[in-house]
Protein chains: 2
Amino acid sequence: MFYIGVDIGGTSFKGGIVNSDGKLLFSFKFPVNKNNKPEETINQIVNAIKQLLKDNNFRKEDIVGVGIGAPGMVDSVNGVITFAGNLNWYDLPVKKLLEEGLNLPVRVTNDANAAALAEAKFGAGRKYNSFLMVTLGTGVGSGIVINGKLYEGNFGKGAEFGHSLLVMNGRECGCGRKGCLEAYASATALTKDIEKMMNMHPDSIMWDISKEHGLIDAKVAFIAAQRGDKYALDLVDAYVSHLSEGLLSYFNTFRPEAVILSGGVAEAGEYLISKIKDYCQKQLYGLKFAPPVDIVKAAIGYDSGKIGAAALFME
Amino acid sequence: MFYIGVDIGGTSFKGGIVNSDGKLLFSFKFPVNKNNKPEETINQIVNAIKQLLKDNNFRKEDIVGVGIGAPGMVDSVNGVITFAGNLNWYDLPVKKLLEEGLNLPVRVTNDANAAALAEAKFGAGRKYNSFLMVTLGTGVGSGIVINGKLYEGNFGKGAEFGHSLLVMNGRECGCGRKGCLEAYASATALTKDIEKMMNMHPDSIMWDISKEHGLIDAKVAFIAAQRGDKYALDLVDAYVSHLSEGLLSYFNTFRPEAVILSGGVAEAGEYLISKIKDYCQKQLYGLKFAPPVDIVKAAIGYDSGKIGAAALFME
């Protein structure tokens, strides 16, 4: 059997046909026109899926269902995108609209949840029953897998680990609260910290690296730190302590078997992960009596949103 | 059918026979002698249970199983008390020892988990699928119920919500970390804050109330605040903001349907709860798009540890 997975992003929507081994066979990608009404974008998605099936000689009967990963707050029980700020969508009944357009069953979840499900079924999460997936990108997204299943909270609106507290009365967060993890541990936050540090220290080699690299992003700090730049090391240490403290709260409360890191910052790989491990091992509640938590990098990259959305029908 | 529940505390162990409606029929209570070897205490528990059955004309065949709620870190999968600081117990195979002594099946969980299970089956949690129970006492204990079942984490060592971060690099916590919720929101922490505030302000009516009351405990601040004492009001407001920020992190990550509060501080009841509701409603991620989280007081009091332990066999 085959499955369709669609990943709706802030700038594009991507979709594809996925087989039961989690392999993406055929795919499409379109830019989102933010001037379009949401119903027009949904219509575009319907047409893109119909075209994809036609182009590759699939019949509707070959498809088990269409899974959707959407940004923002999703009511996965009713298949409604409650609120997607980047797209300016409110209370959009995506499941209903797509089912009418496609005459196929549709399920909807949050994009970070879809990525977590992809890792659970086909990636770094296969060996774990319960894990937390954290996406360190524009924001800090998260997906929770418990006993092999997505845990989506009441009305499917859970798993906003990025909006757990890190610093009471700390940095302003986009959500309106102060001191959320996202305000310290997103790639966006780290990039701002790098810019600030660079402006304070014209002698930092981060200047050279960002020139080589063509832009200032999270990578600049990790490369410079590995080359011994003390300012970059300070940035990395501060980043590690913030992210680790956030993770420890989750570890102590939930004792997952593992945390899986993805997104731009996770590209720093073993250098970052070994520092997080060091920090967490010293601070975990129960110390030597506590079961260890594995910290690993996501195994599926760019396609995880589509594959995970398709996997909503593989349970 | 009937069930036995035992609540092992730092100073006493209590047990009883519970029916399938969660009613405690007959019970015992003994002080824990800390000079005893753990095996001696286990032996005492075995004898107490045998006596309880005999005194009340129960046969072993009437009993489905013996549930144990124990303090500290418990490996509920293997029925081992990994570490109970107050009792000085390490890696004690409670399940094995009690099964040998009683010839009845035994299950073991953490005491806060047992209390959460009691609420789930027979108390304030009956109307919810998923909730967090928080005990505001000597420490901050917690139990997590997801889809009507206890969630105990990897090896059953989870649910230490009291050791989630509140203030990075903040107050020293008993667990060795800094800034844990427990260091701000336990009855112990609040009592220390009250003493400090009283010593700074001899004009506070908390002096009179603690004299009436015979001691300084959490209640002193709540009574004085309701009578308009500005120092007590400051204490209560600070306490509410700390506890609420801790709860918000959990709400945003897990979207439970409810949080159930128990323990000494929760005795402040609706006065405290309405303040927490106000704080959380203004700060919850997603604001009006977020499903509300009920905040309620535990319905079962003193016996919840025994009833919840017995309920380990009622699934």
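**Close-up views of a predicted model**

**View 1. Strand 5 and strand 6 of chain A form a hairpin with 4 residues between them.** In the turn, G79(A) has a positive phi of about 70°. The two strands run antiparallel, and 3 bridges join strand 5 (residues 73–75) to strand 6 of chain A. V74(A) stands opposite I81(A) in strand 6 of chain A. Strands (E, at least two residues) and helices (H or I, at least four) are DSSP runs, numbered from the N terminus. Two strands pair if DSSP finds at least two bridges between them.

This is a predicted model: local features need pLDDT of at least 70, side-chain atom pairs count only at pLDDT 80 or more, and totals for chains, interfaces and linings use all residues. Residues are numbered from 1 along each chain as its sequence is written, while chains are lettered from A and ligands numbered from 1 in the order in which they are written.

**View 2. Strand 6 of chain A also pairs with strand 7 (residues 89–92) of chain A.** This pairing is antiparallel, over 3 bridges. A84(A) stands opposite W89(A) in strand 7 of chain A. N88(A) takes a positive phi near 60° in this hairpin.

**View 3. L104(B) lies in the loop between helix 2 (94–102) and strand 8 (106–110) of chain B.** The C-alpha atoms of L104(B) and I63(B) are separated by 7.9 Å, although the residues are 41 apart along the chain.
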